[in-house]
Amino acid sequence: MAYDIERYLNVRSAGGPTFGPDGQLAFTMDTTGVAQVWRLDESREWPAQLSFHEESVSFASYSPTRDELVYGMDRGGNERTQLYRLAGDGSDEVALTDDPETIHSWGGWSHDGDAFAFAANRRDEGHFDAYVQRRDEAGPDAADLVFDGSESDLCSLAGWSPSDDRLLVHETHSNRSHDLHLTHLDGDVTHLTADHEDEMRYGSVAWGPDGETVYVTTDAGRDTLALRELDPETGALGSVEIGGDWDVSSVAVDATTRTMAVVRNVEGYSDLSLFRIDDAGERVALPDPELPEGVLMGLSIGPDGDRLAAAVSAPTLNTNVHVVALETGASERWTAAATAGIPRETFREPELVHYESFDGETIPAFLTLPAGEGPHPVIVDIHGGPESQRRPYFLALRQYFVDNGYAVFEPNVRGSSGYGKRYMNLDDVEKRMDSVADLDRGVEWLTARDDVDTDRIVAYGGSYGGFMVLAALTEYPERWAAGVDVVGIANLVTFLENTGEWRREHREAEYGSLSEDREFLESISPINNVERITAPLLVMHGANDPRVPVEEAEQIAERAAEHVPVEKLIFDDEGHGFSKLENRITAYRKVVDFLDEHVR
């Protein structure tokens with residue numbers, strides 16, 4: 001039985017787990033149509049909804065000592081997240097920051113639960129400082145400045161020391177260059193990585209339980225991210241602890257229970273290892289967790305160190321929270337995010353494939369085929385970033401298209417993360433169009449198959465993926481039957497001029513600078529080659545998008561409509577993507593109708 005697009009968009013997800021001090025579990029779930037905070041005290045009981053808003057909650061974090069949590073929420077997708085304190089039963093809610101023009105990035109609770117930290121661009125829109133605020137105080141003047149980021153690039157917080165007297169600050173210069181700073185609450189700041197070689201990443205950071213060690217994932221002296229120890233006094237790096245050919249994507253440590261979780265990204269799939277750290281600082285392995293094969297979307301270690309909560313998403317499993325018993329590895333699914341009545345056995349599993357590009361580079365991709373022999377129309381779904389990665393998580397839209405006869409092809413073209421820094425940097429600045437050539441070679445690989453209809457191939461993507469759609473339509477117009485551009489970039493120059501000030505320098509490191517590379521950026525911008533588009537085009541955007549301003553959609557739709565069929569859909573209450581269920585239904589029904597008209 002084929003289901004309507006609205007049914008697929010009602011498949012729910014539960015993620016962002018966070019344990020409370022008495023073992024209670026909070027998480028975000030979109031049962032109401034937007035993600036809100038929910039709570040469970042036992043597995044698979046009926047959850048209690050704690051927050052009730054029309055806007056989506058971005059995260060929730062339980063206090064380590066009280067039955068209360070902090071959550072974040074913006075307005076209309078503007079990404080100016082505000083912080084709120086919420087009682088564990090939902091009875092009391094306090095606006096902690098109440099500074100609607102400022103972005104607040106959560107930095108975690110102190111171990112005593114009396115204070116919390118965050119980064120915010122209050123003083124200067126282009127720079128983030130670090131603040132500490134007591135839990136029982138509220139308002140924009142309640143926080144104390146503990147790190148001045150006015151001379152730094154994009155900063156975020158990486159956790160409190162076990163003694164609650166120090167904070168780690170993570171500074172991002174570009175996708176390939178990071179720094180770490182140690183700030184004492186008394187005002188002293190140490191640049192931990194000042195003597196390290198240029199252009200290295202610190203992907204994930206966690207304090208060791210003794211406060212004398214910091215665990216970092218870094219590609220210092222190597223291609224992929226490895227787990228290493230870093231001395232918080234000198235910044236000296238120890239030897240590789242866990243490495244290999246794949247990134248160690250995250251590390252989490254609970255100081256009280258001395259529990260460590262390490263996650264590797266292996267061809268997009270999450271590989272989780274668990275340890276206890278003994279008094280000598282050595283890791284003692286715990287049993288392998290019995291979790292579904294897929295992608296971990298968040299971890300939380302229980303207050304007694306006996307359990308770990310993980311949100312797991314897989315191609316045929318919508319996202320749910322599982323709880324692992326650490327002493328045995330056995331796991332149990334705690335949440336019951338619904339599949340909207342669609343039988344799980346109807347969901348199709350993608351195949352991991354590889355193809356060769358124009359210069360011999362091997363490109364990984366996921367290919368999901370519908371039932372039947374074909375030939376099938378194909379949707380080439382291109383991820384954003386560009387230093388992101390298409391991973392084997394659940395996508396309701398993928399399953400809808402496959403159920404309705406489309407194959408879905410998801411390439412991780414050069415520039416994608418997850419395959420080492422060499423691969424991630426292959427599309428920087430003047431090499432930008434090589435990634436578009438990867439896309440073309442992927443379509444060439446597809447068209448050599450007997451089960452693909454070469455006349456019905458669609459370019460589909462969001463954000464940077466939207467740029468890739470438009471670039472593909474202008475560079476290789478003969479390949480495409482249609483294009484769908486969601487919150488995409490049409491002109492790299494106007495994008496860089498108008499994106500949020502706090503993002504501009506970071507994005508210029510990837511795309512090229514306005515001062516030095518403007519002519520090149522103009523030359524590859526799809527808007528300046530728009531006359532080459534021959535395929536019908538659907539453009540969708542949020543009016544409040546702070547990353548890719550809505551003017552990008554307006555200009556490409558206006559220019560392309562002069563010679564090809566174009567449809568445009570702008571949402572006044574959305575930002576960089578569509579968070580509200582009614583808007584998602586409107587948007588993706590439009591996609592379905594557009595493809596039915598021009599491709600089916």
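Mentor: Leu-296 stands opposite Val-312, a residue of strand 26. The model is predicted, so to speak of a local feature requires pLDDT of at least 70, side-chain atom pairs count only at pLDDT 80 or more, and totals for chains, interfaces and linings use all residues. Numbering starts from 1 along each chain as its sequence is written, and side-chain values use heavy atoms, with hydrogens and water left out.

Strands 25 and 26 (residues 307-314) run antiparallel and are joined by 5 bridges. Strands here are DSSP runs of E with at least two residues, helices are runs of H or I with at least four, and both are numbered from the N terminus. Two strands pair if DSSP finds at least two bridges between them. Both belong to an open sheet of 4 strands, ordered 25-26-27-28, with antiparallel pairing. Its edges are strand 25 (295-301) and strand 28 (331-333), each of which pairs on one side only. Neighbouring strands in this sheet are turned by 25° against each other on average, direction ignored; axes are lines fitted to C-alpha atoms, for helices over the stretch in contact, with angles from 0 to 180 degrees between N-to-C directions. Strands of a sheet pair through backbone hydrogen bonds, either parallel or antiparallel.

Antiparallel pairing can also be followed around strand 14. Strand 13 (residues 154-160) is joined to strand 14 by 5 bridges, and the two run antiparallel. They form a hairpin with 5 residues between them, and Asp-164 in the turn has a positive phi of about 65°. Leu-154 stands opposite Thr-172 in strand 14, while Thr-172 also stands opposite His-178 in strand 15. Strand 14 and strand 15 (residues 177-184) run antiparallel with 8 bridges, and the hairpin joining them passes through 2 residues. Of the 9 residues of strand 14 (residues 166-174), 8 are buried, so this strand is largely enclosed by the rest of the structure. Buried means under 20% relative accessible area, exposed over 50%, and partly exposed in between, with a 1.4 Å probe and protein chains only.

Helix 5 is likewise mostly covered, with 11 of its 12 residues buried. Among the buried ones are Tyr-464, Phe-467 and Leu-470. At 1.5 Å a residue, the 12 residues of helix 5 (residues 464-475) should span 16 Å, and its end C-alpha atoms are 16 Å apart, which agrees. The expected span is 1.5 Å times one less than the number of residues.
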